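Here is a short report for someone meeting this structure for the first time.

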Amino acid sequence: MADDPQIGAPAGRRARLRATAALVVFAVAIVSLALVSPDQRYLWLKALHVIAVISWMAGLLYMPRLFIYHGDAPKGSVQAKTFSVMEQRLLKVIMNPAMMLSWMLGLYLAYSVYGFSGGWLHLKIVAVMALTAVHVFFSRTVDAFAREEYRGTARFWRLMNEVPTLLMIVIVILVVVKPF
Ligand code: HEM
């Protein structure tokens, strides 16, 4: 497995390096916002928030698919180890940083632009908390699969795939339409 070009240690280092580079670019972009007007700053922060949210959602939607394939791989097999590495990289390199940035930028926008007021905003935060609970559940499942404790049937993970989708639909309608 260490010889595998995709799951060996060098590939892991490259993945971590790319993720660190992306975080540095993000940090530089956020710091340079001190130089632009408040109106432009709001738009740039919102754009960065949406980029972070898309990256987080991509992971939340892909992870249950990996659990389905992993559940079919015999315990201790090369395939099972490959899925475990893929799950851990997806979680640590993409999903964890993307979730933290979505929260930080979202809370800053909520505070600076809306002073945390508005029924749509309160409900959105509740829905994002539910999305975060799904994230934590997936994260614990990644650890369980890594210990070769298989969790859930293929049908269960197909259903779980729908939970972040439904929450995302509710969140986007709340923030764009602002119905109340
Ligand atoms: C607790 C975490 C979050 C908070 C506090 C938050 C808050 C906000 C705020 C205040 C805005 C600006 C709205 C405006 O000025 O019109 C915004 C924009 C946006 N948020 Fe979030 N957000 C969070 C997480 C998320 C998540 C998880 C998603 C998607 C699944 C999301 C999707 C969006 C989108 C698409 C916009 C752009 C809306 C537009 O321009 O009309 N947010 N968010």
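Asn161 lies in helix H5. This is a predicted model. Is Asn161 buried or exposed? Its relative accessibility is 13%. The cut-off for buried is under 20%, so Asn161 counts as buried. Leaving aside neighbours within four places in sequence, Asn161 is in contact with Leu61, Pro64 and Arg65.

Leu109 sits in helix H3. At 9% relative accessibility, Leu109 is also a buried residue. Which residues does Leu109 contact, beyond its neighbours within four places in sequence? They are Tyr42, Leu45, Lys46, His49 and Tyr114. Leu109 and Met168 are 59 residues apart along the chain. Their C-alpha atoms are separated by 18 Å.

Gly8 belongs to the segment before helix H1, which spans 9-32. Gly8 has a relative accessible area of 4% and is therefore buried. In sequence, Gly8 and Thr82 are 74 residues apart. In space, the distance is 9.5 Å, C-alpha to C-alpha.

Next comes helix packing. Two packed helices are described by the angle between their axes and the distance between the axes.

| Helix pair | Axis angle | Axis distance | Crossing |
|---|---|---|---|
| H2 and H3 | about 150° | 7 Å | left-handed |
| H2 and H4 | roughly 40° | within 11 Å | left-handed |

How do H2 and H3 run, and what does their contact hold? An angle over 145 degrees counts as roughly antiparallel, so H2 and H3 are roughly antiparallel to each other. By class, the residues of the contact of H2 with H3 divide into 28 nonpolar, 7 polar and 2 charged.

H2 and H4 cross at roughly 40°. That makes H2 oblique to H4. Residues on the H2 side of this contact include His49, Trp56, Met57, Leu60, Met63, Pro64 and Phe67. On the H4 side, Lys124, Val128, Leu131, Thr132, His135 and Phe138 are among them. The contact of H2 with H4 has 12 nonpolar, 6 polar and 1 charged residues.

Now the core. How many residues make up the largest nonpolar core? It has 26. Trp56, Leu60, Met63, Phe67, Leu131 and Phe138 touch the most other members. Four helices each supply at least two residues of this core: H2 (38-72), H3 (78-114), H4 (119-146) and H5 (154-177).

What does Trp56 touch, not counting residues up to four places away in sequence? The partners are Met95, Ala98, Met99, Ser102, Trp103, Val128, Leu131, Thr132 and His135. Trp56 also takes part in the contact of H2 with H4.

Last, the backbone. Most residues other than glycine have a negative phi, and most peptide bonds are trans. Glu148 has a positive phi, near 65°. Glu148 lies in the loop between H4 and H5. With a relative accessible area of 36%, Glu148 is partly exposed. Lys178 is not a glycine either, and its phi is positive at about 45°. Lys178 is found in the segment after H5. Its relative accessible area is 34%, so Lys178 is partly exposed.

Notes:
Residues are numbered from 1 along each chain as its sequence is written. This is a predicted model: local features need pLDDT of at least 70, side-chain atom pairs count only at pLDDT 80 or more; totals for chains, interfaces and linings use all residues. Side-chain values use heavy atoms; hydrogens and water are left out. A nonpolar core is a set of buried Ala, Val, Leu, Ile, Met, Phe, Trp, Tyr and Cys residues joined through side-chain atoms within 4.5 Å. Buried means under 20% relative accessible area, exposed over 50%, partly exposed in between (1.4 Å probe, protein chains only). Contact means heavy atoms within 4.5 Å. Axes are lines fitted to C-alpha atoms, for helices over the stretch in contact, and angles run from 0 to 180 degrees between N-to-C directions. Angles under 35 degrees count as roughly parallel, over 145 as roughly antiparallel, 65 to 115 as roughly perpendicular and the rest as oblique. A crossing is left-handed if the near helix is turned anticlockwise from the far one by less than a right angle, and right-handed if clockwise. Ala, Val, Leu, Ile, Met, Phe, Trp, Tyr, Cys and Pro count as nonpolar, Asp, Glu, Lys and Arg as charged, and the others, Gly among them, as polar.
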